[in-house]
Amino acid sequence: MISERMKIYRKIVELFFLSLILYGSNLFYPENPGFFKAVLNPYFLIAALISAYYGRNYGYLSLGFSLIFILIPIYSEFQIIVYWKTLWNLTNIQLPVILIIIYLLGMIHHSFVSQITNQRLYMKKVSLDKNKLQKELSTVSAVNRELEERVLRQQDSVTALYTQVKALHSQNLSKTLGVLISTVQKFSWAEKASIWEYATDSKQLVMVANIGWDSDDILNTIESVDSTINGWVYRNDRIFSVRMLLEYENLSVLDNKRNILTFPINLSNSIWGVLNIEAMPFTKYNLYTEKLLAILIDLAGTAIERAVEYEAMIEYNEVNSMTNLPSVSQFFSFVGNEIKKSVDNHSNFSVILLELTEFDDLIEIHGEKRVYELLLLMLDKLQSLSGNMVDFFHYKEKNQIALYYPNIDYDGASLFCLESLGVINSYNWTINDTKILLDVILGYSSIGSEEISAEDLLNLAENLLEMQKV
């Protein structure tokens, strides 16, 4: 606004001094006052040019300044009245003509300026539309790339999802949650995600695993169940998506700008906690990702429940210091509980007893620490063979390990034992670069729908183990 006013003032000053310069020039031609006797009057010519360049208002203003100066007598001896009559006689025809010319040229200027203004507005609109189309094209291209990538990697994703779900099965809850949250990141490209467990003692949600968090996020590791989106998901057993904020005002009140997708984590009998995605690429926020993650979390529920029950059952003061595996007493307690659940749920499981026959000789030669490291490596191979479905315990003797394998019967246990022996016999076992030949025997037993005591179940496996020693 200020700059426009300055331009107007500058033009008025320019017109004034231009008329003043013409008047000064007229002083050298006193016989031709106002240049009315000239073929082309410079006063009128300048006013016409001003009208064509700046518009008719400025043309009339320039003519007005010129007429004011023309009315001033060139020499003092001129009588003003006579001078003005002389000017009137000279200009009574020219003045109406120049007024008409100024008007016409001003109209031409106005029409030209209007065309230029309209053209500028049109070009501005075209430019805005072009930018809008470019943004839309960029968004569509990003979505198209996402769809292409989704189609191309669909088969690989199913394979990767299967592998990750298998990796979820672990006796260690922290490891299970770590695998879950890394899998969520893999399939959603989440930049920030976290898992929250409901703490029954404090009745709050506690962060137990995260990915992508920084130092500021670590300050928010406990949340209320009543006043947060995470708490709403936990209380209502419903998936939250950020688009729901537009539909439900009550959720907007709870929103702390840290929830994009939030899923309840269900165990068989209760809601254990929630998984929250706090930051992710825009192109990955879609129904496909939401459904995929919902399937993943449903599949993870069983693994989390297993790890939770295992950790609740284990008394860590009875864990072997060398292997971190629970003791035989905890194994008996665990099997007893599983028998009850098996009968109630009409499910089955098997127990497998593994014995390393040359255990004492290996310890005498290589030391207890090295031999236990070798044993743990062997158990890791068997865990991979089972698809992370096996739980390990120490058994009655130091060289005996008990395996709990859910959801397989006697035939499945037999096949697993054969495959295990194949893995053990085909691997090059070494201690301190010394090749070791492991002599391993296996005994197994299974339970179906009929109830049996833990002692009888394990006696069956022990008998099969003893038969191989004869």
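Colleague: Before we look at anything else, what makes a residue count as buried here?

Modeller: Buried means under 20% relative accessible area. This is a predicted model, and by that cut-off 42% of the 470 residues of the protein count as buried.

Colleague: Why is Ile100 called exposed?

Modeller: The cut-off for exposed is over 50% relative accessible area. Ile100 has 51% relative accessibility, so it counts as exposed. Ile100 lies in helix α5.

Colleague: Which residues form the nonpolar patch on the surface?

Modeller: The patch is formed by Tyr60, Leu99, Ile100, Tyr103, Leu104 and Met107, which together have about 530 Å² of accessible area. Helix α5 (residues 94-152) gives the largest share of the patch, five residues.

Colleague: Now to strand β12. Why is β12 described as largely enclosed?

Modeller: Each residue has to fall under 20% relative accessible area to be buried. In β12 (residues 440-447), eight of the eight residues are buried, so the strand is largely enclosed by the rest of the structure.

Colleague: Which residues point each way from β12?

Modeller: Val440, Leu442, Tyr444 and Ser446 point one way, while Ile441, Gly443, Ser445 and Ile447 point the other way, and all are buried.

Colleague: And how do you know that β7 and β12 pair?

Modeller: Pairing needs at least two bridges between the strands. Strand β7 (residues 349-356) and β12 have eight bridges, in the antiparallel sense, so by the definition of at least two bridges they pair. Leu354 stands opposite Leu442 in β12, and Leu356 has Val440 of β12 as its bridge partner.

Colleague: What else does β7 join, and over how many bridges?

Modeller: Seven bridges join β7 to strand β9 (residues 400-406), and these two strands run antiparallel. Phe349 has Pro406 in β9 as its bridge partner.

Colleague: What makes β7 mostly covered?

Modeller: With the buried cut-off at under 20% relative accessible area, eight of the eight residues of β7 are buried. Phe349, Val351, Leu353 and Glu355 point one way from β7, and Ser350, Ile352, Leu354 and Leu356 the other way; all are buried.

Colleague: Let's turn to the open sheet. What is the order of its six strands?

Modeller: The order is β3-β2-β1-β6-β5-β4, with antiparallel pairing.

Colleague: Why is one side of β3 and of β4 left without a neighbour in the sheet?

Modeller: β3 (222-224) and β4 (240-241) stand at the edges, and each has a single partner strand, so one side of each has no neighbour in the sheet.

Colleague: Which strands does helix α8 touch?

Modeller: Helix α8 (residues 229-236) packs on the sheet and touches β1, β2, β3, β4, β5 and β6; its direction makes about 145 degrees with that of β6. Helix α7 (residues 173-188) lies across β1 (192-199), β2 (204-211) and β6, and runs at about 65 degrees to β2.

Definitions and conventions
Residues are numbered from 1 along each chain as its sequence is written. This is a predicted model: local features need pLDDT of at least 70, side-chain atom pairs count only at pLDDT 80 or more; totals for chains, interfaces and linings use all residues. Side-chain values use heavy atoms; hydrogens and water are left out. Patches are made of residues with over 30% relative accessible area and no salt bridge: like charges are joined within 9 Å, nonpolar side chains (Val, Leu, Ile, Met, Phe, Trp, Tyr) within 5 Å. Accessible areas come from the Shrake-Rupley method with a 1.4 Å probe; for residues, only the protein chains shown count as cover. A salt bridge is a side-chain nitrogen of Lys or Arg within 4 Å of a carboxyl oxygen of Asp or Glu. Helices (H or I, at least four residues) and strands (E, at least two) are DSSP runs, numbered from the N terminus. Buried means under 20% relative accessible area, exposed over 50%, partly exposed in between (1.4 Å probe, protein chains only). Contact means heavy atoms within 4.5 Å. Axes are lines fitted to C-alpha atoms, for helices over the stretch in contact, and angles run from 0 to 180 degrees between N-to-C directions.
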